[in-house]
Each structure stands twice: as structure tokens, then as C-alpha cells.
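Please look at the sequence and the model below. The text that follows goes through some of the helix packing and then the nonpolar core.

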Amino acid sequence: MTWVMVIGLGLLAFGALVIGFKAPRQGWEAIGAALLVGIAGFAWQASPDQPGAPKAPAQSPQISGEAMVEARKALSQQTVPVASQWTIVADAFARRGQFAEAAGVIRGAIAKDPHNADAWLALANNLVAHADGNLSPAALYAYRRAALADPQHPGPPFFLGLALAQSGRLAEGRAAWADLLARSPANAPWRADLQARLADLDAFIARQAGTAR
């Protein structure tokens, strides 16, 4: 029954974007793909057939929507046009910590322009934040689409490295940051911050290695 509801909601969302928001016909395929990404993320994380059981809430990292939005803008390759209502609304949701709503809205930007690297990056970041810092297959797909849309964009490898590290995949996160640092211009505004973060990650990995001995 749960899957029927999920698919039904997906169809309703598609209808709302196509009819309510009057998305162009050429963007229908992208809308469907974006909705499938969301359903894939649900399929990977959810267990609708398992009975619920009360348990103590797990400790999860507090993710600041405000900081996430500002960090993405700082690494953006271009200024988002004021007319981009999708991005404005999505960022407003993210700043309030409503990451699922933000991810839903940003799919509109992707439907309008499937090659918008900043939109794919925003979608990936909101999916990670909604999952309390965990990197889901849907978020990983969005990061990869962002990198494909703009291979020179520093945002996708930076935030992917961060998400990998937060998910416990420290070596992979370090590799993503080290590669970004290696190809960053000497005068890149993000270089100093990236160097500091990489040094902190190296120190953390070294401490973990020492504890494991």
C-alpha cells in the first residue's frame, strides 16, 4: 500500500509541475527523471514493510540550511538570475531547514534546464541535508550530473567530498578534495579554505589510524 501511495504522489507531482507550473513539453522527460531520482532515494532508505518499534532517537549532525546555501553560492560559477524563481524558493525552504521541500522545488529548475550545474548541486546538497548528512544514491547521482554539466565547477567535488567524509568514507572524501585542490588556480577564492579543511581531515584520519593500532 505504501508503494502505491509513493507512486501516486509522484504522478500528482508530475501533474502539478506540468499543468500547474506549465513546464515546457521539452522538459517533461527531465521532470520524470528527477521524480524517479526521488523515488529511488526513498526505495534505498525506506523500509515501509517493516513494523515500527519505539527506540531512542539517534544523534544526527545539525545541518545549517543558511550555511549550506551561502557555501553553495560562494562556490557558484555564475550569479543566479533574480528571475530564477525555482532557486529563490528552494533556497528559502533550505534556509528554514525544510530540505525535502527545497529538493522538490529545485527539480523545477532541472526540468527547465537539465544542464544547470548549480541546480543539480543544490538538489544534491538538499538530499544530503534531508538525510542528516548521509550520501544516498540519489544525491550521488545529482552530484555526478552537476559535475558533468560543468566539469570546471568547484562546487560538485567540494560538496561531494564533504558528503563522503560525513558518511564515513574518509579516503574517498579526501581524494575528492585533493583532486579539486590540485586543479584549483593559485588565486582561487576557495583555495585557502579547502587547504585548511583538507589539513583538518588529514589530521582526523591520522588520529583514527593511531587509535586503531
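At roughly what angle do the axes of helix 6 and helix 8 cross? This is a predicted model, and in it the two axes cross at roughly 15° and come within 10 Å. Angles under 35 degrees count as roughly parallel, and helix 6 and helix 8 are therefore roughly parallel to each other. Their crossing is left-handed. On the helix 6 side the contact is made by Leu121, Asn125 and Val128, and on the helix 8 side by Gly155, Pro156, Phe159, Ala163 and Gln166. Of these residues, 5 are nonpolar, 3 are polar and none is charged.

Helix 4 (residues 85–95) and helix 5 (residues 99–112) make another pair, with axes that come within 8 Å and cross at roughly 165°. An angle over 145 degrees counts as roughly antiparallel, so that term applies to helix 4 and helix 5. The crossing is again left-handed. Residues making the contact include Trp86, Val89 and Phe93 of helix 4 and Phe99, Val105 and Lys112 of helix 5. The contact comprises 10 nonpolar, 2 polar and 2 charged residues.

In soluble globular proteins, nonpolar side chains tend to be buried together. The largest nonpolar core here has 41 residues, and those touching the most other members are Ile106, Leu123, Leu135, Tyr143 and Leu194. Helix 4, helix 5, helix 6, helix 7, helix 8, helix 9 and helix 10 each supply at least two residues of this core, with helix 6 giving the most, 9 residues. Beyond its neighbours within four places in sequence, Leu123 is in contact with Ala103, Ile106, Arg107, Ile110 and Ala142.

Conventions:
Residues are numbered from 1 along each chain as its sequence is written. This is a predicted model: local features need pLDDT of at least 70, side-chain atom pairs count only at pLDDT 80 or more; totals for chains, interfaces and linings use all residues. Side-chain values use heavy atoms; hydrogens and water are left out. Axes are lines fitted to C-alpha atoms, for helices over the stretch in contact, and angles run from 0 to 180 degrees between N-to-C directions. Helices (H or I, at least four residues) and strands (E, at least two) are DSSP runs, numbered from the N terminus. Angles under 35 degrees count as roughly parallel, over 145 as roughly antiparallel, 65 to 115 as roughly perpendicular and the rest as oblique. A crossing is left-handed if the near helix is turned anticlockwise from the far one by less than a right angle, and right-handed if clockwise. Contact means heavy atoms within 4.5 Å. Ala, Val, Leu, Ile, Met, Phe, Trp, Tyr, Cys and Pro count as nonpolar, Asp, Glu, Lys and Arg as charged, and the others, Gly among them, as polar. A nonpolar core is a set of buried Ala, Val, Leu, Ile, Met, Phe, Trp, Tyr and Cys residues joined through side-chain atoms within 4.5 Å. Buried means under 20% relative accessible area, exposed over 50%, partly exposed in between (1.4 Å probe, protein chains only).
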